[in-house]
Amino acid sequence: IETIRPPLRQFSDFPRFFDEVAPQLRGKTVLMYCTGGIRCERASSLLKQKLGDQVEGVFQLQGGIEKYLLTYPDGGHWRGLNFAFDKRTAVAPAEGAADRVPLSRCCLCGEPWDTYLGKRKCVACDSPVLVCLGCCGTRRDKAPGADLRCPLCVEEGRTTKERSMHHEVTLKAQTTTALLRAQMAAAAAAGRKAAQAGGAPAAADGSDSD
Ligand SMILES: [Zn+2]
Ligand SMILES: [Zn+2]
């Protein structure tokens, strides 16, 4: 059995990843699983659409890991915690949650740790990162430029934010708007001054309020 862990931060990156991995899947039977089964629905339909009968078969875990853990309260073949996209952040099988051994590590000290504390985010990609109780609040954690990075960014050697085009464009638009506003405000102020100097009523008042 070969396993592939998609190196993805968001599911919208999946089609690009799929094109890279497709040659590896030809002639194979593919089994996939995700948190709630929905991403597998989409991924399997993409796989069938793109590879068709070039794969032996496509299987998915119906209802995802969530349903699996409800079906097998002792966790079955599952190890560790399941990341959840809500307040729970991570879900353990109902039985044996207390004596579990963390499979993940604190991003600062590297000690085994699997509880999200203090909403820490990766400095390079904004994904949630694990910081252990011992490291939380220390200088390494709090210092500006603290090296809080997710395992994927560490693996890829990503240290700073590579802004997406969308982000870049939004940022530019915001800057331009701010500049325009400043210019308009300055022009309006100058206009008021000129009007006052000329003794005429300040008609343009309010032009700088938005
Ligand atoms: Zn730590
Ligand atoms: Zn990251």
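With 31% relative accessibility, Pro73 counts as partly exposed, a label for residues between buried (under 20% relative accessible area) and exposed (over 50%), using a 1.4 Å probe and protein chains only. Before going further, a word on the model: it is predicted, local features need pLDDT of at least 70, side-chain atom pairs count only at pLDDT 80 or more, and totals for chains, interfaces and linings use all residues. Residues are numbered from 1 along each chain as its sequence is written, chains are lettered from A and ligands numbered from 1 in the order in which they are written, and side-chain values use heavy atoms, with hydrogens and water left out.

Let us stay with Pro73 for a moment. Pro73 sits in the loop between helix H3 (64-71) and strand S3 (82-83); helices (H or I, at least four residues) and strands (E, at least two) are DSSP runs, numbered from the N terminus. Its C-alpha atom is separated by 5.1 Å from that of Ala94, and the two residues are 21 residues apart along the chain. Apart from neighbours within four places in sequence, Pro73 is in contact with Pro93, Ala94 and Glu95, where contact means heavy atoms within 4.5 Å.

Now turn to the metal. The zinc ion (ligand 1) is held at 2.3 Å by the SG atoms of Cys106, Cys109, Cys132 and Cys135; donors are N, O and S atoms within 2.8 Å of the metal (3.2 Å for Na, K and Ca), and sites may look incomplete since water is not among the atoms. The 4 donor atoms make angles of 106 to 113°, and the site is tetrahedral, a term for four donors with all angles between 85 and 135 degrees. Along the sequence, the donor residues follow the spacing C-x2-C-x22-C-x2-C. Cys109 and Cys132 both lie in the loop between strand S4 (90-91) and helix H4 (139-142), so this pair ties together parts that are 23 residues apart in sequence. Cys109 is partly exposed at 35% relative accessibility, whereas Cys132 is buried at 9%.

Along with Cys122, Val131 and Leu152, Cys132 is included in a second, separate core of 14 residues. Such a core is a set of buried Ala, Val, Leu, Ile, Met, Phe, Trp, Tyr and Cys residues joined through side-chain atoms within 4.5 Å. The largest nonpolar core has 15 residues, and Phe18, Leu25, Leu47 and Leu51 have the most contacts inside it. Helix H1, strand S1 (29-32) and helix H2 (38-51) each supply at least two residues of this core, with the largest share, 6 residues, coming from H1. Not counting residues up to four places away in sequence, Phe18 touches Leu25, Leu46, Leu47, Lys50 and Leu51.

What about charged pairs? The structure holds 9 salt bridges, each a side-chain nitrogen of Lys or Arg within 4 Å of a carboxyl oxygen of Asp or Glu. One of them joins Arg9 to Glu156, with the closest N and O atoms 3.0 Å apart. Arg9 lies in the segment before helix H1 (14-25) and Glu156 in helix H5 (residues 151-156), so the pair ties together parts that are 147 residues apart in sequence. Arg9 is partly exposed at 28%, as is Glu156 at 40%. Another salt bridge pairs Asp147 with Arg149 at 3.1 Å between the closest N and O atoms; Asp147 is partly exposed, but Arg149 is buried. Finally, salt bridges that share partners join Glu66, Asp86 and Arg88 into one network.

Note on methods:
Tetrahedral: all angles 85-135°; square planar, octahedral: opposite > 155°, others 65-115°.
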